[in-house]
Amino acid sequence: MNKKLAAALSGGAVLVLALSGCSDDEGNKVDDWAKTFCDQAKPQIQKRADAHQIIISTAADSKPAEIQAADSKAFQDIADADRALAKAVEGAGAPPVENGEKVQQDAIKELNATAVAYEGLKKQVDALDPTNQQKFADGLQGVADGLTKIEKMDQNALSKLEEGELGQAMAKQPGCQKPTASTPPKASGSASPAPGSTASGSSDKASAKPAAPTASAKTEE
C-alpha cells in the first residue's frame, strides 16, 4: 500500500528548479536574491528529498507498524521543511521583480498551508490501526488520496518564484538544485522498488497494489 504513497510522490514537486538561461541587465539583484534564498533553502530541500525517499523506499514487505512510523516521520519532516522554506522566503525579502512583494507573500502563505496539510496527513497516519491489516490498508488509501492533493499544493507553492528571470537565477544556484536523497533505499528481497512500483509482486503485505489498494495486500502479514 505504501506504493500508492510512493506513486503520489513520484510525480510531485520537490520545490527545485530545472530551468536554465541567463538573467538580463538587472540580473545582479535577482541573482543576489536567489543566492540568499537558495542558501537558506538547501538543507530544507534536502530534508524533503530524504522524507520522500523514506516513503518510496519503505519496502513493500514492511509490516504495517513500520510503514506507519516511516510515513508519520516523513510527513512531519516535510511539514517542518515547508515551514522553514517559508521563513527562507521571508528572510530573503521581496524578490526584485514585478509584484515581488505579492510573490513573496503568496509563497509564504502557500508553504505554510502545505505544512499544515502534511501535519494533517501525519495525524491521519498516526490514527490508523496497524494491528488490523484490512483497515490499515483501507486507511492508507485515504492517506494516499490526500497526499496526491497536497502534492499539487506543493507544486504551486513556489511556482511564482520559479517564473522568468527569478526562476532562471534560482536554477543557477547550487542550493536550489535537485538533491540526491541521503537516505539509502531500504534493501528487501530484491532491488528497491521504484516510485509507484513494487520490489516483489508476491509480498505486498500492507502495501497494496495501486490497482487494488484494499485487496490482495492485506492477508500476507
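Visitor: How many aromatic pairs does the count come to by the ring-centre rule?

Guide: The model is a predicted one. Rings of Phe, Tyr and Trp pair if their centres lie within 6.5 Å. By this rule, the aromatic pairs come to two.

Visitor: Are the rings of Trp33 and Phe37 stacked or tilted?

Guide: The ring centres of Trp33 and Phe37 lie 5.5 Å apart, and their planes meet at 15°. Planes under 30 degrees apart count as stacked. The pair of Trp33 and Phe37 is therefore stacked.

Visitor: What separation along helix H2 do Trp33 and Phe37 have?

Guide: Both Trp33 and Phe37 are buried. They are four residues apart in helix H2, so their separation is about one helical turn.

Visitor: Is the pair of Phe75 and Tyr118 stacked or tilted?

Guide: The rings of Phe75 and Tyr118 have centres 6.2 Å apart and planes at 35°. This pair links distant parts of the chain, with Phe75 in helix H3 (residues 64-92) and Tyr118 in helix H4, 43 residues apart. Given the angle of 35° between the planes, the pair of Phe75 and Tyr118 is tilted.

Visitor: Is Tyr118 buried or exposed?

Guide: A residue counts as buried under 20% relative accessible area. Phe75 has a value of 0% and is buried. Because its relative accessibility is 0%, Tyr118 counts as buried.

Visitor: Which residue does the disulfide join to Cys38?

Guide: The structure holds one disulfide. Its sulfur atoms lie 2.1 Å apart, and the residue joined to Cys38 is Cys176.

Visitor: How many residues apart in sequence are the parts that Cys38 and Cys176 tie together?

Guide: Cys38 lies in helix H2 (residues 27-57), whereas Cys176 lies in the segment after helix H6 (164-171). Cys38 and Cys176 are both buried. The parts that the pair ties together are therefore apart in sequence by 138 residues.

Visitor: Is the disulfide of Cys38 and Cys176 left-handed or right-handed?

Guide: The torsion about the S-S bond of Cys38 and Cys176 is about -95°. With that torsion, the disulfide is therefore left-handed.

How values were computed: Residues are numbered from 1 along each chain as its sequence is written. This is a predicted model: local features need pLDDT of at least 70, side-chain atom pairs count only at pLDDT 80 or more; totals for chains, interfaces and linings use all residues. Side-chain values use heavy atoms; hydrogens and water are left out. A disulfide is a pair of cysteine sulfur atoms within 2.5 Å. Helices (H or I, at least four residues) and strands (E, at least two) are DSSP runs, numbered from the N terminus. Buried means under 20% relative accessible area, exposed over 50%, partly exposed in between (1.4 Å probe, protein chains only). Rings of Phe, Tyr and Trp (its six-membered ring) pair if their centres lie within 6.5 Å; planes under 30 degrees apart count as stacked, over 60 as edge-to-face and the rest as tilted.
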